[in-house]
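I opened my notebook to work through one protein model. I wanted to look up a few of its parts and write down what I found.

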Amino acid sequence: MSIRPIKRVIKAKPTLEGAGVHLRRAFGFGNTTDFDPFLLLDDFRNDIAEDYLAGFPWHPHRGIETITYVLAGTVEHGDSMGNHGAIAAGDVQWMTAGRGIIHQEMPKGDTVGRMHGFQLWANLPSSLKMTAPRYQEVKAVEIPEVTDDDGTRARIVCGSFWGSKGPVDGIAADPVYLDVTVPPGKRKTLPVETTRHAFAYVFAGAGKFCNASGPLAVPTEGVGWADTSPPTQAENRSLILFDRGDEVTVQAGDEGIRFLLVSGKPLQEPVAWYGPIVMNTQQELQQAYQELQEGTFLGPAVQG
């Protein structure tokens, strides 16, 4: 077994999105190679109503999937196909935009004004860029939670982990999307398939991720993991990007640690990206925006 080295630790940066929503962006709109097949991760936890109520009014998407995971409050949504509904605390919406959709997402706070959640964008391979749009909306009670002997808990949104399978399926990048909680002071090793790109995003507590920055010597008696490779401290709103390996190890701090652990198979395809549309070539990107201007964006589409 080999611990994944840490490529880098990134602090999520304050960003304005939609009609003026204050959020933190962990990654996105840069070089996507290290995160492939993922494109962007936004942390929209906010306790000030005027900083999120303007929401994300009608806007298009093509060529991607958006994964919205709500921790507190609700997100009301509607789209060009006539779908509408709301996702609340613990719920997940996995939207495959495919060939094109126009939708809106309007956040509402809970009884004390909290609106907490995350949105992750996953790329679609060229063969599925123009597939039919679809939704998978999963309620909190449908998401399995597995608890290990030491009290570590994992909510499994997508993929297989510790013998359980998440409810979201049929996703091209075959991602694993977990919400992991490690109790105070516990050290935990979690499996991650070697061929995947993987990252962790800390959103409660703090801890240290073991950084196998080089081949580890066989530890002598009494030498702990932290002595053989320097661990990397990670606190709230820290993203840890891992290199290759088949497991990650974390030592929870005094308050425990809670983080998203996400991995997926890289597509290794060219990315042409502007705003909410992600294609493979500049020509495809230009065509999408031309269709928006001409009002044919949602019409019959042929992969070309």
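My entries follow, one topic at a time.

**Ground rules**

I am working with a predicted model, in which local features need pLDDT of at least 70 and side-chain atom pairs count only at pLDDT 80 or more, while totals for chains, interfaces and linings use all residues. Residues are numbered from 1 along each chain as its sequence is written, and side-chain values use heavy atoms, with hydrogens and water left out.

I noted how the elements are named: helices (H or I, at least four residues) and strands (E, at least two) are DSSP runs, numbered from the N terminus.

**Entry 1**

I looked up an open sheet and found four strands in the order 5-10-7-8, paired antiparallel. Strand 5 (56-61) and strand 8 (84-87) each have a single partner strand, so they stand at the edges, with one side of each left without a neighbour in the sheet. From one strand to the next, the twist averages 25 degrees. For such angles, axes are lines fitted to C-alpha atoms (for helices over the stretch in contact), and the angles run from 0 to 180 degrees between N-to-C directions.

I checked what counts as pairing: DSSP must find at least two bridges between two strands. Strand 5 and strand 10 (residues 101-108) run antiparallel and are joined by four bridges. I found His61 opposite Ile101 in strand 10.

**Entry 2: Glu105**

I stayed with strand 10, where Glu105 has its place. Is Glu105 buried or exposed? Glu105 counts as buried, because its relative accessibility is 6%. The cut-offs are under 20% relative accessible area for buried, over 50% for exposed, and partly exposed in between (1.4 Å probe, protein chains only).

I then listed contacts, meaning heavy atoms within 4.5 Å. Leaving out residues up to four places away in sequence, Glu105 touches Gly55, Phe56, His59, Thr68, Val75, Glu76 and Gln119. Gly55 is 50 residues from Glu105 in sequence, yet the two are 6.3 Å apart in space, C-alpha to C-alpha.

**Entry 3: aromatic rings**

How many aromatic pairs does the structure hold? I found 14. Rings of Phe, Tyr and Trp (its six-membered ring) pair if their centres lie within 6.5 Å; planes under 30 degrees apart are stacked, over 60 edge-to-face, and the rest tilted.

The Phe27 and Phe199 rings have centres 5.3 Å apart and planes at 75 degrees, so I logged this pair as edge-to-face. Phe27 lies in strand 3 (residues 21-27) and Phe199 in strand 19 (residues 197-209), so the pair ties together parts 172 residues apart in sequence. Phe27 and Phe199 are both buried.

Phe35 and Phe199 also make an edge-to-face pair, at 6.2 Å centre to centre and 70 degrees between the planes. Phe35 lies in the loop between strand 3 and strand 4 (38-43), so its pair with Phe199 in strand 19 ties together parts 164 residues apart in sequence. Phe35 is buried at 4% relative accessibility, and Phe199 is buried at 1%. Ring pairs link Phe27, Phe35, Phe38 and Phe199 into a cluster.

**Entry 4: strand 19**

Ten of the 13 residues of strand 19 are buried, so I wrote "mostly covered".

Which strands pair with strand 19? I found these antiparallel partners:

- Strand 22 (residues 247-264) is joined to strand 19 by eleven bridges, and Lys208 has Gln251 as its bridge partner there.
- Strand 21 (residues 238-242) pairs over five bridges, and Tyr201 has Leu239 as its bridge partner there.
- Strand 20 (residues 232-234) pairs over three bridges, and Gly207 stands opposite Ala234 there.

**Entry 5: Arg196**

Arg196 sits in the loop between strand 18 (187-191) and strand 19. Arg196 is buried, with a relative accessible area of 4%. Not counting residues up to four places away in sequence, Arg196 touches several residues, among them Arg4, Asp174, Arg244 and Lys265.

**Entry 6: helix 2**

Last, I looked up helix 2 (residues 282-294). The buried residues of helix 2 are Glu284, Leu285, Ala288 and Glu291. What covers them includes strand 23 (272-274) and strand 24 (277-279). On the other side of helix 2, Gln283, Gln286, Gln293 and Glu294 are exposed. After helix 2 comes Gly295, with a positive phi near 80 degrees.
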